[in-house]
Number of protein chains: 2
Amino acid sequence: MKNINIKDLARELNLSVSTISKAFHDSHEISEDTKNRVLETARRLNYVPNPYASSLRGRRSKNIGVVIPEVADSFFSLAINGIESVAKEKGYHVLICLTHESFENEKNILKEFQGGRVDGVIMSVSTETSESGHILDLMANGLPLVFFDRVCEEIETAKITTDDFESGYKATEHLIQQGCDKIGFLGISKCLSISNRRFEGYQKALNDHVVAYDTKHTVSCTNDAAHNAALIKELLQRKDHPNGIVATVEKLTTPVYLACAELGLSIPGDLKFICFSNLETASILNPSLSTITQPAFEMGQMAATLLFKSLEKTSFSLSMESQVIPSSFIKRNSTD
Amino acid sequence: MKNINIKDLARELNLSVSTISKAFHDSHEISEDTKNRVLETARRLNYVPNPYASSLRGRRSKNIGVVIPEVADSFFSLAINGIESVAKEKGYHVLICLTHESFENEKNILKEFQGGRVDGVIMSVSTETSESGHILDLMANGLPLVFFDRVCEEIETAKITTDDFESGYKATEHLIQQGCDKIGFLGISKCLSISNRRFEGYQKALNDHVVAYDTKHTVSCTNDAAHNAALIKELLQRKDHPNGIVATVEKLTTPVYLACAELGLSIPGDLKFICFSNLETASILNPSLSTITQPAFEMGQMAATLLFKSLEKTSFSLSMESQVIPSSFIKRNSTD
DNA sequence: CTGAAAGCGCTAACAA
DNA sequence: TTGTTAGCGCTTTCAG
């Protein structure tokens, strides 16, 4: 019932606690024989060291914090898997904290982290995040931080992103090549780097190909699904609705498909649609969905790898390590 | 840079550490005036209490562990949101640990938890989990545990499940009513309660409606996606392949659709398909997918609520609190 | 090779 | 109302 601690173990073995501790850390100061006895008895008594006591003493929590907007999202859940795969190898735990796209939540989480709960942070900012004081505070406290996907551009640290501008460009160009001349853009939040870069790529493509840009075809979506659905429906209901759409995030897929169904618009007949997405079901949608797909797992891995490098040697400067990884464009039937 | 601690704060304010501590916990022993001064200075100096020191001293980590097979799954990610929503309210953190369906991982995670990292555990067992010694060890250590969805039936504690038998029955009966007479079943792991209950429902429905049961139409899927795809393809390639399929988990959807596409089978023409699934995209698949959908968010909420009840008063007996919540059957085009 | 003891940051019983 | 102090379980000098 009561948790057995290092002292109990020491008493049981007639050894001192320091010997136990060293044996557990495989110190060279301890004889093989004693090590074995310790390990054996530990197993028998079911002794597990208290991680908080170690943290307190050693000033390392062996935890990294992962701050993301949402977990019910293919991109983020795959990224978590990537992060976790390297954390596990390093003997670290991953504390996943969800902002649910709220700046308030994000601030509170980072604040809490400054108490020493984690040794480093990997994060993707919320849609509401337009200033970065809370992040600077965290870093000023000595906590290394790596951004992935949704970064704060003005902060000097490692950023793992994809080629958002190019992908936005490519997606738009593809629609143009497929014959669209009224192309809409579904963004999320004007503060968000990824949304803005993708938008710039979109605009550049329109410009390069001399396709008209219509402000009314740009929709800024929010965190409110019902609201987004209404906005999308409204856009597609207009007399001169777009005949092509680029959407910046996975969660906009279903509302677009449903709005089309409701309004009797056919994809790709009346509307060609391409979405930034890691949905596994993209290929079996009706119609199958053309996507820009990010290497989510790998991004998580890279972010974690960098974070651990900086954890391992403080001389390592994260600010020199940003990486831009290409996304892949996958043509399917929604843009035929 | 250096983290400021309670002692620094005390020195700054010319107060004792205990006064600070009490002020922070809004103790009635401290004057309003002092409280304000403390809080004010804490904010100014950016003081955040070290949670590990509190844990160590107070023997409560204020963390709960969530052990699940996978996070890249709609059901589990929604459940996490449910759990998190109540944990947050209680001032607790959620430590999400992934087994990736490995028994070995599951054992290691639970073992680690016994060091005091968490105050309680919410879990859904892996497909490989056929014995429960590791779970009993955990509970013997005084840690309350609540199962959700994938339970160990032999363990006496709260279990939040859905009506798996009835859902399996209903899904199968629906296929029969739609004219299927050769119905296949895609399970996962023979050790898993949910898979087995759903299978029993399936068998009972076949029996009640005098439809033949063919062992060769039951496939036991694994954690290896490529292998599953091969098994499914093989099943559908047979001369007397099933004309209806019940699948027990979300991740089997894509392989079934792709196998049909590859083999030139039409859904629902040649094969009617229904799946246990929380996929948001179910309604926009080609064809839209009939599902048994579990109340994932609510299940997470309930599991967490029960866990906190037992954390709040030890007299509370989890073993009396199991709940079976109905899933919903949603008819769509894949079983027309 | 092993042990004694200080102390990580905090809480809470007890004193003042 | 505020202060003193003894630990929580562990690591880590430093001594033996």
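Predicted model: local features only at pLDDT ≥ 70, side-chain atom pairs only at ≥ 80, totals over all residues.
Copies of a chain are here superposed by least squares on the C-alpha atoms of residues with pLDDT of at least 70 in both.

**Stop 1**

Select chain A and chain B together. A rotation of 180° with 0.0 Å of shift along its axis places chain A on chain B, with an RMSD of 0.1 Å. This is the relation of a two-fold axis.

Next, select the residues through which the chains touch. In chain A, 44 residues are in contact with 44 residues of chain B. On the chain A side, two or more residues come from each of α4 (51–58), α5 (74–89), β2 (93–98), α6 (103–117) and α11 (253–263). Coloured by class, this side of chain A shows 20 nonpolar, 18 polar and 6 charged residues. Of the interface residues of chain A, 100% are also interface residues in chain B, so the copies meet through the same surface.

**Stop 2: chain A alone**

Hide everything but chain A. Its secondary structure comprises 12 helices and 12 strands. The C-alpha atoms of chain A occupy a box of roughly 85 × 40 × 30 Å along the principal axes. The radius of gyration of chain A is 25 Å, whereas a compact globule of 336 residues would have one near 20 Å. Buried residues account for 49% of the 336 residues in chain A. Among the contacts in chain A with a separation of 6 or more, 74% link residues 24 or more positions apart.

**Stop 3: helix α5 of chain A**

Select residues 74–89 of chain A, which form α5, one of the elements that touch chain B. How far apart are the end C-alpha atoms of α5(A)? They are 23 Å apart, which agrees with the 22 Å that 16 residues should span at 1.5 Å a residue. The helix α5(A) is mostly covered, with 12 of its 16 residues buried. Among the buried residues are A:Phe75, A:Phe76, A:Leu78, A:Ile80, A:Ile83 and A:Val86, together with A:Glu84. Just after α5(A), select A:Gly91, which takes a positive phi of about 75°.

**Stop 4: the DNA strands**

Display DNA strand C and the residues around it. Which element supplies the largest share of the surface near DNA strand C? It is α4(B), with 5 residues. By class, the surface near DNA strand C has 10 nonpolar, 11 polar and 3 charged residues.

Now turn to DNA strand D, which 25 residues surround; the closest are A:Ile6, A:Ser18, A:Ala53, B:Ser18 and B:Arg57. Here the elements giving two or more residues are α2 and α4 of chain A together with α2 and α4 of chain B. The surface near DNA strand D divides into 10 nonpolar, 11 polar and 4 charged residues.

**Stop 5: B:Tyr52**

Select B:Tyr52, which is found in helix α4 of chain B. Is B:Tyr52 buried or exposed? With 23 other C-beta atoms within 10 Å, B:Tyr52 is buried, since the cut-off is 20 or more. Leaving aside neighbours within four places in sequence, B:Tyr52 is in contact with A:Tyr52, A:Ser55, A:Leu56, A:Ser61 and A:Gly116. Within chain B, B:Tyr52 and B:Arg117 are 65 residues apart in sequence and 9.6 Å apart in space, C-alpha to C-alpha.

**Stop 6: backbone details**

Select A:Ile267 and A:Pro268, joined by a cis peptide bond with omega of about 5°. A:Pro268 is placed in the loop between α11 and β9 (272–276) of chain A. In chain B, a cis peptide bond with omega of about 0° joins B:Asn286 and B:Pro287. B:Pro287 is in the loop between β9 (272–276) and β10 (290–293) of chain B.

Two further residues have a positive phi without being glycine. A:Asp149 has phi near 60° and is in the loop between β4 (145–148) and β5 (159–162) of chain A. With 25 C-beta neighbours inside 10 Å, A:Asp149 counts as buried. B:Asn14 also has phi near 60°, and lies in the loop between α1 (6–13) and α2 of chain B. B:Asn14 is exposed, with 8 other C-beta atoms within 10 Å.

Key. Residues numbered from 1 in each chain as written. Chains lettered and ligands numbered in written order. Contact = placed C-beta atoms within 7 Å. Helix = DSSP H or I, 4+ residues; strand = E, 2+ residues; numbered from the N terminus. Nonpolar A, V, L, I, M, F, W, Y, C, P; charged D, E, K, R; others polar. Rg over C-alpha atoms; globule rule 2.2 N^0.38 Å. Expected span 1.5 Å × (residues − 1). Near = placed C-beta within 6 Å.
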